[in-house]
Amino acid sequence: MKIFQALVSALVGGFVLTLAAGAHAQSTAQYATVVRIQGDARYSPDNGTTYHPLVVGKVLGPGNLIQTAAHSTVDLVLGDRVAAHIAPVPDKVGPAADAPVRGLVSYKAQAAQNVIRMKGDTVLGFNILSASNMGADTVTDTELDLRQGTIMGSVKKLSAESKYLIKIPNGMAAIRGTTFILSASGAITVTDGSALISFNGQPAQTVNADQQFDPATGQVTTLTPEALSNAEQTAVQTVTLESGIISFANDETTIYVSPNRVGGGAAAPAPPPPMEDVAVSR
């Protein structure tokens, strides 16, 4: 709790919303929309008790978590619901246990949005996704739960009162207008903007552009030329994902609506392997 409070205080810079401003705030729900899948992934609406195949176009709110299989990736857009941009693909719908979500042919971003790419063997939960209209600014409140694996993200510049927190097993990261790579181990690399990382109960440290935090040493260091080159390549992928969600090719994921055989068709493929050593309640 102390880590959480310290990060929130640092993130908002000590700013306290007035009761009058809060009374006029209009809170709206935010979502994580799946815009690309390479390989296999599944999601759970109940913290890992049950799972369903994850498909492009699926819109998830707080309380859900996603697990990617080995050598798989999932790309997400965080923000307003974008279901209106989803075009149907009749020839790619098959029997399944989930709602009949159809493949996303194309998605045109209306403005710079926050995006996340989940790498293989990653488990990511969504604790808080909300926004409030404060008049001149929109205040967003995002809290993700990275239980295992690695994510890379691009977060647009946030208003001073907004929060973007990512829990990890032994700490928490606070993101501010940043392109970053974060692992559940606590390692974080920042290629643009800055982030705060608190690990193993230690005071939060600032990680600026072209820097990394090593949980093994507890130190923030400047990237070596080789590491910087690798990080920049990853950043290009992430930023391209943010600005390039314009013309996706047809989704290659087969979509299922029931695990049973229907009309002699093939059975649904097996979901990703069960989570191992991953806490299902935090």
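Contact here means heavy atoms within 4.5 Å. This is a predicted model. The protein holds three helices and 19 strands. Among contacts between residues at least 6 apart in sequence, 61% join residues at least 24 apart. Buried residues account for 44% of the 282 residues.

**Confidence**

- The mean pLDDT of the protein is 73. A value of 70 or more is reached by 62% of the residues.
- Residues 102-106 have a pLDDT below 50. In the model, this stretch has 30 contacts beyond near neighbours in sequence.
- Residues 246-271 also fall below 50 in pLDDT. For this stretch, the model shows 57 contacts beyond near neighbours in sequence.

**Surface**

- The protein exposes about 13300 Å². Carbon and sulfur atoms supply 52% of that area.

**The largest nonpolar core**

- The largest nonpolar core has 37 residues. Ile116 and Phe126 have the most contacts inside it.
- Strand S15, residues 188-199, provides the largest share of this core, with five residues.

- S15 pairs with strand S16, residues 205-208. The pairing is antiparallel and runs over four bridges.
- Leu196 has Thr206 in S16 as its bridge partner.
- Five residues lie between the two strands of this hairpin. Asn200 takes a positive phi there, near 55°.
- In a regular strand, side chains alternate between the two faces of the sheet.

**Arg147 and Asn47**

- Arg147 is found in strand S11, residues 138-148. Its relative accessible area is 12%, which is under 20%, so Arg147 counts as buried.
- The side chain of Arg147 makes a polar contact with the side chain of Asn47, at 2.6 Å.
- Asn47 is found in the loop between strand S3 (41-44) and S4. Its relative accessible area is 26%, so Asn47 is partly exposed, between the cut-offs of 20% and 50%.
- Asn47 is not a glycine, yet its phi is positive, at about 65°.

- Leu54 is found in the loop between strand S4 (52-53) and strand S5 (59-60).
- Leu54 is buried because its relative accessibility is 3%, under the 20% cut-off.
- Leu54 and Ile66 are 12 residues apart in sequence. Their C-alpha atoms are 8.0 Å apart in space.

**His71**

- His71 is found in the loop between strand S6 (65-68) and strand S7 (73-79).
- The relative accessible area of His71 is 83%, over the 50% cut-off, so His71 is exposed.
- His71 has a positive phi near 60°, in a residue other than glycine.

Notes
Residues numbered from 1 in each chain as written. Predicted model: local features only at pLDDT ≥ 70, side-chain atom pairs only at ≥ 80, totals over all residues. Heavy atoms only, no water. Buried < 20%, exposed > 50% of the residue type's maximum accessible area, 1.4 Å probe, protein only. Areas by Shrake-Rupley, 256 points an atom, 1.4 Å probe, with all protein chains shown as cover. Core = buried A, V, L, I, M, F, W, Y, C linked by side-chain atoms within 4.5 Å. Pairing = 2+ DSSP bridges. Polar contact = N/O pair within 3.5 Å; in protein donor to acceptor, adjacent residues only side chain to side chain. pLDDT = per-residue confidence, 0-100.
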